[in-house]
Structures are given as C-alpha cells and as structure tokens.
Amino acid sequence: MLSCKELVANSSDLLDSQLSLRQRLAVQMHLAMCYRCRRFIKQMRLSQRVLRALPDAAIPELEELAARLAEEVRTRR
Ligand SMILES: [Zn+2]
C-alpha cells in the first residue's frame with residue numbers, strides 16, 4: 001500500500017502521466033481512501049493548469065506553491 005509521502009513524491013509524475021499502469025493503480029487506490037491526498041492532487045492539478053495558462057516568468061512562484069502544498073501534506077501526518 002502506497003503511503004501519503006510516496007504519493008506526494010510521485011505526484012508530479014502522475015500529473016505528467018509518467019507512471020506505469022501498476023503505479024497508477026496504486027495511486028488510484030490510495031486516492032480512493034485518502035481524502036487529504038485527493039485534495040492535494042486536486043490542488044496540484046489546479047496549479048498545473050494555471051501554470052500552463054501563464055507565461056514562463058510566473059513559473060518560479062508556482063513551483064514554490066507546489067512545494068508548499070507538498071510540505072503541507074507531509075507535516076499534517
Ligand atoms: Zn494519503
């Protein structure tokens with residue numbers, strides 16, 4: 001079973017669709033049971049969409065935001 005920490009570590013690959021089928025299934029199973037990670041992934045997807053919509057100059061701030069979200073999930077355990 002995937003831990004929240006592992007899920008967060010895999011989240012950027014997940015959002016870029018870089019995970020194998022097996023990894024994706026593990027993530028889906030975790031998300032089905034873990035509200036916090038569902039919310040985390042939702043926020044990551046949202047910031048990724050914003051990232052795509054913005055010019056390159058705005059990317060460092062969003063990377064900081066994503067890092068802060070990951071930190072938030074880690075510290076809440
Ligand atoms: Zn979790």
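**Reading the zinc site**

Modeller: The site of the zinc ion is tetrahedral, with angles of 103 to 113 degrees among its 4 donor atoms. Four donors count as tetrahedral if all angles lie between 85 and 135 degrees. The model is predicted: local features need pLDDT of at least 70, side-chain atom pairs count only at pLDDT 80 or more, and totals for chains, interfaces and linings use all residues. Residues are numbered from 1 along each chain as its sequence is written, and side-chain values use heavy atoms, with hydrogens and water left out.

Biologist: Which residues coordinate the zinc ion?

Modeller: Donors are N, O and S atoms within 2.8 Å of the metal (3.2 Å for Na, K and Ca); water is not among the atoms, so sites may look incomplete. Here C4 (SG), H30 (NE2), C34 (SG) and C37 (SG) coordinate the zinc ion at 2.0 to 2.3 Å. Their spacing in sequence is C-x25-H-x3-C-x2-C. C4 in helix α1 (residues 4–15) and H30 in helix α2 (residues 21–33) are 26 residues apart, a pair that links distant parts of the chain. Helices are DSSP runs (H or I, at least four residues), numbered from the N terminus.

Biologist: Is C37 buried or exposed?

Modeller: Buried means under 20% relative accessible area, exposed over 50%, partly exposed in between (1.4 Å probe, protein chains only). C37 is buried, at 0% relative accessibility. C4 is buried at 6%, H30 is buried at 6%, and C34 is buried at 13%.

Biologist: Where is confidence lowest and where highest?

Modeller: pLDDT is the predictor's confidence in each residue, from 0 to 100. Its mean is lowest in helix α4 (residues 59–75), at 80, and highest in α2, at 93.

Notes
Tetrahedral: all angles 85-135°; square planar, octahedral: opposite > 155°, others 65-115°. Helix = DSSP H or I, 4+ residues; strand = E, 2+ residues; numbered from the N terminus.
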